Amino acid sequence: AIRELWSWREGDFSKARKRLERKPVSIERTKGSEILFGIAPCSLALSQSRRDLFRLFLKQSSGSRRLVMSEFVLQATARGVPVHHVKRRELDALCRGQVHQGVCLEATPLCFKSLEEAEKPGLGDEENPNQQLIWLVLEQIQDPMNLGALLRSAYFLGVDRVVTSQRNSCPLTPTVSKASSGAMEVFDIYSTDDLRSFLKAKTAEGWEVVGTVSKPEDVENVPVISCLEFRWNKPVIIVIGSEGDGLSLETQLLCHRMLAIPPGRALHPGIESLNVSVATGILLHSICSQKLRHSD
């Protein structure tokens, strides 16, 4: 009887232990922190010193990624950031099921910078004697995946500044950083609560303000040209509108010209436009490649 009781208890303990193992360990967050996830965002956040960093979480026994993980340990140690090796389910819980690639980093959020800071010369501005400057302005971009993709393209293609409207715009979240493949960690993003006044002021300074449109017939009182025909010889602002509605009418009327991407075939109704981040990538490549040619 004693042996039976012991074996029952042993089985009971085993089941209880398995239940505990299945339940993710709750990790208390530091007040005011957020959880970055993914290899590129976490690595760049560790290297840039733009955030306060609290803890680095790495997946245990990462196999083929062991070298990558050891590099993270070195980075974190150099910054004095504690490293915690945890199970995958703890990482899943930390970033709410996002694709973390075995890495999460607890850090303070990044904020938009003020327009006053945007007016200061940047690292590359003094190399532009012909004022071949390109700023990208985003009006009410709300999807974090789109915002991240836009930042990635802007950084890659050589945009000098990115400015967003404060109203109805996505904040700089960990999802944006992941979608930008970490570009958000190295590229300052500016914000304004008065987009119209900002565009008027830049026009007065001699900048050209160029809007974008998917359907040329929707635009009134502003000339529309193909992005392939666009030529520029002074600083330019490219204004991109929201995912659903595009540029507001008030913003359209502040543009000197509107750019459209010519389609490669007759389009079926309902699929007559591109995703905003894809369209912006095409437009920026067309415009930024002229900047590269001029600098040669």
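1. The side chains of Asp 188 and Arg 50 meet in a salt bridge, with N and O 2.6 Å apart, where a salt bridge means a side-chain nitrogen of Lys or Arg within 4 Å of a carboxyl oxygen of Asp or Glu. Because Asp 188 lies in the loop between helix H7 (174-179) and strand S8 (189-192), and Arg 50 in the loop between helix H2 (39-48) and strand S2 (53-59), the pair ties together parts that are 138 residues apart in sequence. Helices (H or I, at least four residues) and strands (E, at least two) are DSSP runs, numbered from the N terminus.

2. On provenance, this is a predicted model, in which local features need pLDDT of at least 70 and side-chain atom pairs count only at pLDDT 80 or more, while totals for chains, interfaces and linings use all residues. Residues are numbered from 1 along each chain as its sequence is written, and side-chain values use heavy atoms, with hydrogens and water left out.

3. Glu 185 forms a salt bridge with Arg 51, the closest N and O atoms being 2.9 Å apart. Since Glu 185 is in the loop between H7 and S8 and Arg 51 in the loop between H2 and S2, this pair ties together parts 134 residues apart in sequence. Glu 185 counts as buried at 1% relative accessibility, and Arg 51 is buried with a relative accessible area of 4%; buried means under 20%, exposed over 50% and partly exposed in between (1.4 Å probe, protein chains only). Glu 34, Arg 51 and Glu 185 are linked in a network of salt bridges.

4. Trp 135 and Phe 198 form a stacked aromatic pair, 6.2 Å centre to centre with 10° between the planes; rings of Phe, Tyr and Trp (its six-membered ring) pair if their centres lie within 6.5 Å, and planes under 30 degrees apart count as stacked, over 60 as edge-to-face and the rest as tilted. The pair links strand S6 (residues 134-138), which holds Trp 135, to helix H8 (residues 195-204), which holds Phe 198, 63 residues apart. The charged end of Lys 202 sits over the ring of Trp 135, 4.5 Å from its centre (the criterion being NZ of Lys or CZ of Arg within 6 Å of the ring centre and within 35 degrees of the ring normal).

5. The buried residues of H8 are Leu 195, Phe 198, Leu 199 and Lys 202. They cover an arc of only 95° around the axis, which puts them on the same side of H8, the arc being that of the directions from the helix axis to the C-beta atoms. On the other side of H8, Lys 200 and Ala 204 are exposed.
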